[in-house]
Amino acid sequence: MQKITRDALIEKAAALLENGTVSAVLGWKRGEFDYDVTPAVFNSIDEMKEGFVWNDFCGANFSKYLVSKTKKAEGKILVFLKPCDTYSFNQLLTEHRFDREKVYAVGIPCEGMADIDKIREIAGDGISKIECGEKITVTTLYADEPVVIECEKVLEGRCESCKSKAHVAYDELMGDEGEVLDSNRFDEVARLEAMSAEERFAFWQNELSKCIRCNACRDICPACTCEKCVFGNPNSGVENKAISDSFEEKMFHIIRAFHVAGRCTDCGECSRVCPQNIPLHLLNRKFIKDINSFYGEYQAGAEVGSRAPLVNYTTEDLEPGEVFAKGE
Amino acid sequence: MRKCSLSKIDLLFAEIAKTQSLYMPIDGADGRAVYSKWQAGKAWSSALNTVKSPKNFFFPHTEELANFKTAGKTIEIIDVRAEAEDFVVFGVRACDAKSFDILDRVFLTDPVDSFYASRREHGVIITTACNRPTETCFCTTFGIDAAEPAGDISTWKTGGELYLKANTEKGEALLAALEGVTEAADDAAVRAEKENIRKIMKKLPLADVKADAFGGGKTKQYFDDPAWAALSESCLGCGTCTFVCPTCQCYDVKDFNTGRGIIRFRCWDSCMYSDFTLMAHGNNRNSQKERFRQRFMQKLVYYPENNDGIFGCVGCGRCLAKCPISMNIVKVMKTLGGKN
Amino acid sequence: MQVNERKPLIVAFCCNWCSYAGADLAGNNRLNYPADVKIIRVPCSCRVNPMFVLRAFQRGADGVIICGCHPGDCHYTSGNYYTRRRMALLFSMLDFLGIEKERTRVEWVSAAEGAKFAATMNDFVEKVTALGENKRLEDLRCKR
């Protein structure tokens with residue numbers, strides 16, 4: 001469960017709206033069900049009281065929305081940022097993608113978000129009600145009794161290997177200062193690396209062949225903020241909506257991961273939104289792991305203005321041929 | 001009506017698969033159901049539905065239309081059309097079965113799409129009633145009865161038996177061929193199961209969603225509604241909703257240069273993409289709001305206007321479950337329809 | 001040599017200032033290297049977008065080699081340092097996806113190293129030939 005309450009966030013927003021610090025609030029809006037949450041802009045405290053939610057399903061990272069929302073906004077926008085969101089926030093600032101002066105960032109602690117698919121696996125289909133408390137209580141159409149689930153059992157994959165509870169950017173912090181965690185986020189990458197090339201190929205062939213080219217991974221990604229994506233530009237020669245051949249999906253995902261290499265903060269939104277549950281974050285993590293081991297530890301978004309590893313070099317860098325020698 | 005014990009259902013599948021390809025939802029390695037080809041040892045998934053709809057069988061995600069080969073100054077056009085082979089799609093839900101009617105109205109009206117028509121002609125659809133619909137289901141909104149699915153053959157799973165009833169000539173022919181593995185049955189058990197399903201349908205959280213406020217001739221009423229701005233505000237512009245949708249029928253025709261020739265193919269397109277209907281002069285929908293509006297107006301107003309009031313949505317709930325930002329047709333209907 | 005032996009297709013991206021001149025020198029010195037190597041001249045090795053490498057594989061290449069000036073000698077001062085990082089990461093990623101790492105290579109060949117150019121190409125072609133046809137990063141449409 002989340003340590004901070006919805007009411008506390010609304011109270012904070014009300015105070016900031018009232019004293020004129022901000023003119024609008026970027027927050028999570030209630031949906032049809034207790035678990036479907038939509039990012040929305042709230043213009044008044046009444047709108048917030050009606051639709052704002054803060055619960056275990058508020059995984060959406062708002063940093064990318066700041067790019068478009070700050071352009072339109074007249075005053076400042078209040079944005080609530082979870083620790084992992086603040087890394088994307090800094091990365092976008094590093095890339096000058098939005099005006100920091102137009103944002104009022106409130107850091108809020110996060111205890112990890114719940115994965116509705118995992119809840120469904122335990123509680124079954126036909127979920128009619130979910131209450132997020134100490135534990136998650138799920139009422140379904142088919143079970144006589146509500147099912148009570150420990151939050152840790154249904155954490156989103158990315159939260160299981162949370163890299164940081166520390167906010168690296170904010171104007172104001174609610175709750176306590178968190179810490180950067182010693183996470184096991186590279187374990188899965190290491191597991192794949194330990195496989196034979198044949199096994200790895202089979203693994204990715206199977207995963208990537210599920211791709212339906214919906215581009216949700218790209219469109220949600222806070223590092224993908226190009227006005228015109230090379231894969232969405234008919235003049236680029238590589239634009240393709242087809243799943244014509246397995247090559248196309250591989251090309252798309254390799255290049256997309258490469259384009260965000262060194263800039264990806266590992267927020268995990270790509271895997272969260274993938275309708276086919278492809279573990280896309282593993283591609284990004286592979287790059288992060290390699291960058292860390294070849295060029296020294298680097299966490300994108302840990303600070304504003306740092307030079308990304310791929311636009312940097314040293315004269316003593318590893319040779320591409322040595323990369324493999326090192327691994328063997 | 002015929003029946004077959006669920007414990008012996010493999011015999012039924014084997015009998016069908018003897019003469020033609022049989023596809024059905026089968027759980028993949030990750031436990032998620034995907035329409036795949038049945039073979040001995042594979043089990044029919046108990047999942048309510050698949051992420052990708054069975055429209056893929058008739059209107060595939062990508063298909064070749066023609067090939068071109070150049071030799072010197074001549075261009076040879078190669079017709080790649082081939083008569084589809086017979087196949088059976090088993091385990092289709094009532095919502096998806098209805099989606100074929102919607103696609104038919106697009107592809108089988110003049111000029112008939114010969115690729116689609118050939119597959120429709122050779123495909124037999126076996127539907128199955130939904131014993132356990134989920135919270136995202138709202139097929140009743142569009143007059144679909146999950147207890148009485150359409151298709152060439154309808155089936156019901158109850159009391160350890162699978163009951164089969166043919167609805168069309170194609171269905172009757174297939175069912176007749178399956179007499180060896182089925183036995184005659186009365187419909188008492190099925191009637192009880194139907195009652196049961198209808199009772200559950202009434203209890204679903206979206207059971208009260210009504211489409212009455214929409215339909216043909218309402219373009220003016222909704223087109224300039226100020227609510228579109230807020231509804232589309234956080235839309236990412238990805239194509240998830242359109243690619244999981246069983247009724248979305250837009251496609252793009254493109255050429256692929258193989259280095260030796262040209263492959264002309266078509267692939268699903270999404271009205272959410274910025275290059276959708278891109279023309280020489282540019283695009284006629286430049287903002288995500290306009291693209292978003294196009295999708296829902298098409299389902300709720302434009303399609304019924306051109307198709308005797310039939311809506312372009314079947315309430316399968318895929319977009320509800322899969323939209324990255326949880327914006328969907330139900331929210332649109334409730335917001336726009338609620339005030340009119 | 002068998003008559004029907006399959007010839008590999010190798011794409012070599014060579015920087016204009018060093019490696020392309022190195023290839024030229026190899027030719028002038030009558031040094032042999034297989035004709036399976038198709039050279040594409042680029043202004044600098046860092047002009048090679050990762051997409052070029054993938055595209056080459058798509059269109060039927062069995063191996064891709066990128067040649068540039070020795071580190072420190074780049075005509076544009078630092079271009080090849082970026083190449084070095086990019087390609088190290090890209091090749092590592094291809095390996096992660098199970099695509100044979102022997103199909104990709106970066107070599108530094110100066111304008112004076114005609115012999116190294118020929119030796120590098122001979123070695124690379126031999127290694128790629130041993131691997132056979134590229135099956136893991138192929139576009140079946142291009143095979144027809």
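Colleague: Which scores does the predictor give the complex?
Modeller: This is a predicted model, and the predictor gives the complex an ipTM of 0.92 along with a pTM of 0.94.

Colleague: And what is the average pLDDT of chain C?
Modeller: Chain C averages 93, and 97% of its residues score at least 70.

Colleague: Okay, chain B now. How many helices and strands does chain B have?
Modeller: Chain B has 11 helices and 12 strands. Its radius of gyration is 22 Å, close to the 20 Å from the globule rule for 340 residues, so chain B is as compact as a globular protein of that length.

Colleague: What box do its C-alpha atoms fill?
Modeller: Along the principal axes, the C-alpha atoms of chain B fill roughly 65 × 65 × 40 Å.

Colleague: How much of chain B is buried?
Modeller: Buried residues account for 44% of the 340 in chain B. Also, of the contacts in chain B between residues at least 6 apart in sequence, 71% join residues at least 24 apart.

Colleague: Switching topic: how many residues does each chain bring to the contact between A and B?
Modeller: Chain A brings 33 residues and chain B brings 39.

Colleague: Which element of chain A gives the most to that side?
Modeller: That is strand E2 of chain A, with 5 residues.

Colleague: And how do the residues on chain A's side divide?
Modeller: They split into 19 nonpolar, 9 polar and 5 charged.

Note on methods: Residues numbered from 1 in each chain as written. Chains lettered and ligands numbered in written order. Predicted model: local features only at pLDDT ≥ 70, side-chain atom pairs only at ≥ 80, totals over all residues. Contact = placed C-beta atoms within 7 Å. Helix = DSSP H or I, 4+ residues; strand = E, 2+ residues; numbered from the N terminus. Nonpolar A, V, L, I, M, F, W, Y, C, P; charged D, E, K, R; others polar. pLDDT = per-residue confidence, 0-100. Rg over C-alpha atoms; globule rule 2.2 N^0.38 Å. Buried ≥ 20, exposed ≤ 12 C-beta atoms within 10 Å, placed from the backbone.
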